[in-house]
Amino acid sequence: MISKIARRNKIKTRIRGKVSGTAERPRMTVFRSNKAIYVQLVDDLKGETLAAASSKGITEGTKVEIAAKVGEQIAAKALAKQITEVVFDRNGYLYHGRVKSLADAARKGGLKF
């Protein structure tokens, strides 16, 4: 039986083989821990992070509501740097719950993916 971590890493590798970010259209990658959720906009050609947001310091609401606030934050930071389009990298996580909430809020904030 394959472990949960090994399964996620296998999915993550498959996604990263297909998804790559540029300066004009960076990769929006999500990391989700039990306590927090983090998101970064990465330019893979230069290997640098263009913008980042996390749920550190946000205490009110459920985990899904907090993830939505982080999605709004990253959309605002991206638009401030004239980034309107991104490539979404769910990082091996299933697209539901917190990951979906973050993505929907980022779309609502003005990002296209």
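Modeller: Helices (H or I, at least four residues) and strands (E, at least two) are DSSP runs, numbered from the N terminus. This is a predicted model, in which local features need pLDDT of at least 70 and side-chain atom pairs count only at pLDDT 80 or more, while totals for chains, interfaces and linings use all residues. Residues are numbered from 1 along each chain as its sequence is written, and side-chain values use heavy atoms, with hydrogens and water left out.

Biologist: Which crossing does H2 make with H3?

Modeller: H2 passes H3 in a right-handed crossing. Contact (heavy atoms within 4.5 Å) involves residues of H2 including Lys 63, Ala 67 and Ile 74, and residues of H3 including Arg 98, Leu 102 and Ala 106. By class, 9 residues are nonpolar, 2 polar and 3 charged; here Ala, Val, Leu, Ile, Met, Phe, Trp, Tyr, Cys and Pro count as nonpolar, Asp, Glu, Lys and Arg as charged, and the others, Gly among them, as polar.

Biologist: Which residues of H2 are buried?

Modeller: Ile 66, Ala 67, Ala 68, Val 70, Gly 71, Ile 74, Ala 75 and Ala 78 are buried, where buried means under 20% relative accessible area, exposed over 50%, and partly exposed in between (1.4 Å probe, protein chains only). They pack against S1, S2, S3 and H3.

Biologist: And the largest nonpolar core: which residues touch the most other members?

Modeller: Met 28, Val 39, Leu 41, Ile 74 and Leu 102 do, in a core of 24 residues. Such a core is a set of buried Ala, Val, Leu, Ile, Met, Phe, Trp, Tyr and Cys residues joined through side-chain atoms within 4.5 Å. H2 gives the largest share, 6 residues. Not counting residues up to four places away in sequence, Met 28 touches, among others, Val 39, Leu 41, Ile 74 and Leu 102.

Biologist: Changing topic, where does Gln 82 lie?

Modeller: Gln 82 lies in the loop between H2 and strand S4 (87-89). Its phi is positive, about 60°, although Gln 82 is not a glycine.

Biologist: Is Gln 82 buried or exposed?

Modeller: Gln 82 is exposed, at a relative accessible area of 67%.

Biologist: What about Asn 91, buried or exposed?

Modeller: Asn 91 counts as buried, because its relative accessibility is 8%. Asn 91 lies in the loop between S4 and H3, and its phi, near 65°, is also positive.

Key:
Left-handed = near helix turned anticlockwise from the far one by under 90°.
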